[in-house]
Amino acid sequence: MWKWLIALSILLAACGTGDQTPEESAEADATPEAETSKDESEGAAEEKSEGSIDVDKGMFNVKVTLPKTLFEMEDGDFEEIKASAEEEGIGEVTDNGDGTITYKMSKSKHKEMMKEMEEEIESSLEEIREGGEFSSIQGVTANSDYSEFTLEAEQTAYEESFDGFAVFGIGVLGLYYQLFDGADPDDYSVVIHVTDAATGEEFDTVEFPEVLDKMSGGQGEEYGTE
């Protein structure tokens, strides 16, 4: 369960080096045109031309809502999570009071975070392949949106070891990627297939977030990206 916190820390730490903060973007959005600097105007125009992420009342912000269960939060932890997130460039962090937390950030920050998450997932996959910590696992691949992973392992060694913990690291990172990418909460999952390297037969399947709900005793919550 502690891997959830590690995944969040990796995510926030990796995204703390952007050139533009959400506060700066918010100021640019809220400032009248006559008072907007040339650089801010150019930045807003550039953001407007990117993609089709939903915006709120014309302001170039993205809201991402996450369940508290992904943070393994306890009473009193929210202020620490909020301070850490805002320090790393998240414009606003709100406890919705319904078991979820909402991040509000500039569109450019969201784009930066998506890129950093992709790099972190690829780094994690390489570490599983080459790091030696999970010795029974001989290979791991992912689909393009990180909603599905396949591990190739020596079955007996895998089942007799703690190498199964590898699925939690990549599973939780996959969850964050899906949420930040605007996955439909009604059609949302990360599935990890574990196959026998010798035969190619699948001998285990782990589905997220269902496995986290079972571990925490939660009932599952509605969340996603606006």
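User: How many of the 15 residues of α7 are buried?
Analyst: This is a predicted model. In it, 14 of the 15 residues of α7 are buried, so the helix is largely enclosed by the rest of the structure.

User: Where does α7 lie, and what distance does it reach from its first C-alpha to its last?
Analyst: Helix α7 covers residues 166–180 and reaches 22 Å, close to the 21 Å expected at 1.5 Å a residue.

User: Which residue with a positive phi follows α7?
Analyst: That residue is G182, with phi near 85°.

User: What about α5: how far apart are its end C-alpha atoms?
Analyst: They are 35 Å apart. Helix α5 has 24 residues, 107–130, which should span 34 Å at 1.5 Å a residue, so the two values agree.

User: Which residues of α5 are buried?
Analyst: Among them are K107, K109, H110, E112, M113 and M114, as well as I121, L125 and I128.

User: Changing topic to strand β1: is L66 buried or exposed?
Analyst: L66, which is in strand β1 (residues 61–67), is buried, with a relative accessible area of 0%.

User: How far apart are L66 and I101 in space?
Analyst: Their C-alpha atoms are 5.3 Å apart, although the two residues are 35 apart in sequence.

User: And T65, what does its side chain contact?
Analyst: The side chain of T65 makes a polar contact of 2.9 Å with that of T102. T65 is also found in strand β1, and it counts as buried because its relative accessibility is 11%, under the 20% cut-off.

Terms used
Residues are numbered from 1 along each chain as its sequence is written. This is a predicted model: local features need pLDDT of at least 70, side-chain atom pairs count only at pLDDT 80 or more; totals for chains, interfaces and linings use all residues. Side-chain values use heavy atoms; hydrogens and water are left out. Helices (H or I, at least four residues) and strands (E, at least two) are DSSP runs, numbered from the N terminus. The expected span of a helix is 1.5 Å times one less than its number of residues. Buried means under 20% relative accessible area, exposed over 50%, partly exposed in between (1.4 Å probe, protein chains only). A polar contact is a pair of N or O atoms within 3.5 Å; within protein, one must be able to donate a hydrogen and the other to accept it, and residues adjacent in sequence count only if both atoms are side-chain atoms.
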